[in-house]
Amino acid sequence: MRIAFTSLFAFILSGFAGGLVAQLLAVATHAQEEYILVFMASALVTICVTIVFFIAQLFSNASAIINWLALCAIVLFALIGLSLIGWTFSQPVDKRQWGGDLPIVAGMVLPNLATVLVHWLFVRRRLRRGLIEAQVGA
């Protein structure tokens with residue numbers, strides 16, 4: 001039951017954090033309709049991270065697995081961001097639209113990083129607390 005509550009609450013917190021970052025980026029960059037993709041990606045990443053971290057909590061060495069998963073997710077989104085930036089700057093000079101592409105690139109990376117970080121911090125804290133309670137109770 002503890003794992004289910006942890007995953008549910010982490011889903012809510014990380015979804016809120018990712019949505020908030022996406023909303024702030026949308027307001028700051030005066031985003032248009034294409035920014036809907038950012039919100040959809042943020043929701044999809046929240047669902048996927050919740051499922052992966054829920055499964056990781058079922059293992060005996062859950063804290064090490066969750067730390068490793070968070071590191072892999074952060075590296076993955078950093079690489080995605082760098083590749084999107086590289087793709088944006090590799091366009092021919094006459095077709096570059098940096099003003100329109102870079103807010104979407106930031107929107108595809110930053111909310112997802114916030115989602116992973118909040119999810120990881122909450123789950124790690126709950127796992128540590130559960131381990132301490134188990135040691136005290138035993």
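Val123 touches Thr6, Ala10, Phe53, Gln57 and Ile66, leaving out residues up to four places away in sequence. Contact here means heavy atoms within 4.5 Å. The model is predicted, so local features need pLDDT of at least 70 and side-chain atom pairs count only at pLDDT 80 or more, while totals for chains, interfaces and linings use all residues. Residues are numbered from 1 along each chain as its sequence is written, and side-chain values use heavy atoms, with hydrogens and water left out.

Thr6 is buried, with a relative accessible area of 2%. Buried means under 20% relative accessible area, exposed means over 50%, and partly exposed falls in between (1.4 Å probe, protein chains only). Beyond four places in sequence, Thr6 touches Gln57, Phe122, Val123 and Arg126.

The protein has four helices and zero strands. Its pattern along the sequence is α-α-α-α. Helices (H or I, at least four residues) and strands (E, at least two) are DSSP runs, numbered from the N terminus. Of the 138 residues, 32% are buried. Among contacts with a separation of 6 or more, 75% join residues 24 or more positions apart.

The largest nonpolar core holds 18 residues, and Phe53, Ile66 and Val123 touch the most other members. H2, H3 and H4 each give two or more residues to this core. H4 supplies the largest share, seven residues. A second, separate core has five residues, including Ala22, Leu25, Ala26 and Val38. A nonpolar core is a set of buried Ala, Val, Leu, Ile, Met, Phe, Trp, Tyr and Cys residues joined through side-chain atoms within 4.5 Å.

Helix H2 has 22 residues. From first C-alpha to last, H2 reaches 32 Å, close to the 32 Å expected at 1.5 Å a residue. The expected span is 1.5 Å times one less than the number of residues. The buried residues of H2 are Val38, Ala41, Ser42, Val45, Thr46, Val49, Thr50, Phe53, Ala56 and Gln57. An α-helix has 3.6 residues a turn, so residues three or four places apart point the same way.

Val105 lies in helix H4 (residues 98-137). Val105 is buried, at 9% relative accessible area. Apart from neighbours within four places in sequence, Val105 is in contact with Gly81, Leu84, Ile85 and Thr88. Val105 and Ser83 are 22 residues apart in sequence, with their C-alpha atoms 9.6 Å apart in space.

The accessible surface of the protein comes to about 8500 Å². Carbon and sulfur atoms account for 75% of this surface. Accessible areas come from the Shrake-Rupley method with a 1.4 Å probe, and for residues only the protein chains shown count as cover. A nonpolar surface patch covers about 1100 Å². Its members are Phe5, Leu8, Phe9, Phe11, Ile12, Leu13, Ile47, Ile51, Phe54, Ile55, Leu58 and Phe59. Patches are made of residues with over 30% relative accessible area and no salt bridge; like charges are joined within 9 Å, nonpolar side chains (Val, Leu, Ile, Met, Phe, Trp, Tyr) within 5 Å. A salt bridge is a side-chain nitrogen of Lys or Arg within 4 Å of a carboxyl oxygen of Asp or Glu.

Helix H1 (2-28) and helix H2 (36-57) each supply at least two residues of the patch. H1 gives the most, with six residues. Phe59 lies in the loop between H2 and helix H3 (62-89). Phe59 counts as partly exposed because its relative accessibility is 48%.
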